[in-house]
Amino acid sequence: MFNRSRRDLTRWFTLSMGSILILFASILYYQRSINRLEESDRLLYRKARVMTANIDYEWRQDKERIDLSNVPILGKYSPPSDSNLIYARWYSAKGTLYQFYGRQPADQIQAIAAFETIQAHPEWLRQLTLPVDHNGRTIGYLQIAIPLTDAQVALREMLMVMVITMPLTLGVISLVGWFLSGIAMKPIRNAYAHLQRFTSDASHELRAPLATILSNAQVGLLSPVEAGKPKHIRLENIAEMAKSMNRLVTDLLFLARQGGRLDSNTIQLIHLNDLLKETIATPSIQSAAKHLTLHLELPEENIRINGNADLLQQAIINLLTNACKYTSSKGTVWVRLISQYHRVLIPIEDTGIGISEAGLPHIFERFYRVDEERTRQKGGSGLGLAIAQQIVAAHGGYLTVSSQVGKGSLFQIELPLI
Ligand code: ADP
């Protein structure tokens, strides 16, 4: 799937870059041809000016007399060896051929267009037809032509270079495209792998309680009707597993739905001192903290923030439950509330088992447990910290952790103060 998308991306990249390249090369080729033609035109015009400057014109006894004998090429002097004129022609004002050098032309002038490109096998010619005026009256037309061979050769060479380099450049472009699409696909690949891992972890988590429910139900069904007691235990097991599955599914749904943003309708003013007191008093925390000492340290002043009270309480409960869960009897858990400049801190510290250095970077990942067996026995699904982190982040805050194995852990919520 990824390779196909990568190939598609490369193909589109090569196609678009190739089109741009071809367009650019065509513009360059066109521009070069125009430049070459302009060069030839300038040369033609210079030659024509020199020739017309040597025309002798006289008006004597109501009769005009045009003398071309001093005109280079057309006159009595033979053309210089470096002259590349293919032909030179003089037509009268009425367009009748009067004198010429080079190829035999038609008797009458064909067209009086200034510059023209003419195909005369085997080469192309550039021709100039220049009307020659005297005292505002056209006395005739000078027509000269030079070959376009040099320009043709130069343009043909340019075309050859383009034809040879174009496939090479396209090859390089597609290689670059392949490399770039690889970079572009990387985050998508990672996200997909993440999703796959998440789906497989979620199914794995659901499969274990389902198997227990199934085996308990099957054994319960096989048990004799009169032996009520064992059947009752089986039913309790089923209910327990169903509860754990329900918790897991609720947590998963929360992570999927909450999506890292707070619904503006649920934002309210929260009195953090009261919220912490309420949280500590909840039956679930009271029962989790039965075996240890739980301290709540609140400041004198009332600290308030804007947020979703239920979600924030959920995050604190998750952290507090963990602190109690992973702290042995006679241990201590502290919950504090500290206001600092523009932020408020809620550190939750315990004297529990701590977290290994290797486990710390992964602690907020979904379904991650430092010690699989141990935490599974404690009823953890590995989603509590991920949920707490998502809630704190949605409030614009941070959740940090520091821990030492055997000494305890410190989870700290940091929120912006209003
Ligand atoms: P769980 O529901 O399994 O507790 P969490 O996401 O809340 O999942 O925690 C992930 C893992 O982090 C736990 O399995 C546990 O190994 C470790 N952990 C979390 N809090 C503490 C703590 N206070 N002390 C020691 N280990 C902890």
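What percentage of the 418 residues in the protein is buried? I get 35%, with buried meaning under 20% relative accessible area (1.4 Å probe, protein chains only).

Housekeeping: this is a predicted model, where local features need pLDDT of at least 70, side-chain atom pairs count only at pLDDT 80 or more, and totals for chains, interfaces and linings use all residues. Residues are numbered from 1 along each chain as its sequence is written, and side-chain values use heavy atoms, with hydrogens and water left out.

Overall layout. I looked up the secondary structure and found eight helices and 15 strands (DSSP runs: helices H or I, at least four residues; strands E, at least two; numbered from the N terminus). The radius of gyration (over C-alpha atoms) is 47 Å, well over the 22 Å from the globule rule for 418 residues, so the protein is more spread out than a compact globule. That rule is 2.2 Å times the number of residues to the power 0.38. The C-alpha box along the principal axes is roughly 145 × 60 × 40 Å.

Domains. I have domain 1 at 2-155 and domain 2 at 262-416, with bounds from an automatic or database assignment. Their C-alpha centres sit 89 Å apart.

Contacts. I took heavy atoms within 4.5 Å as a contact. Of the contacts between residues at least 6 apart in sequence, 64% join residues at least 24 apart.

Note on methods
Buried means under 20% relative accessible area, exposed over 50%, partly exposed in between (1.4 Å probe, protein chains only).
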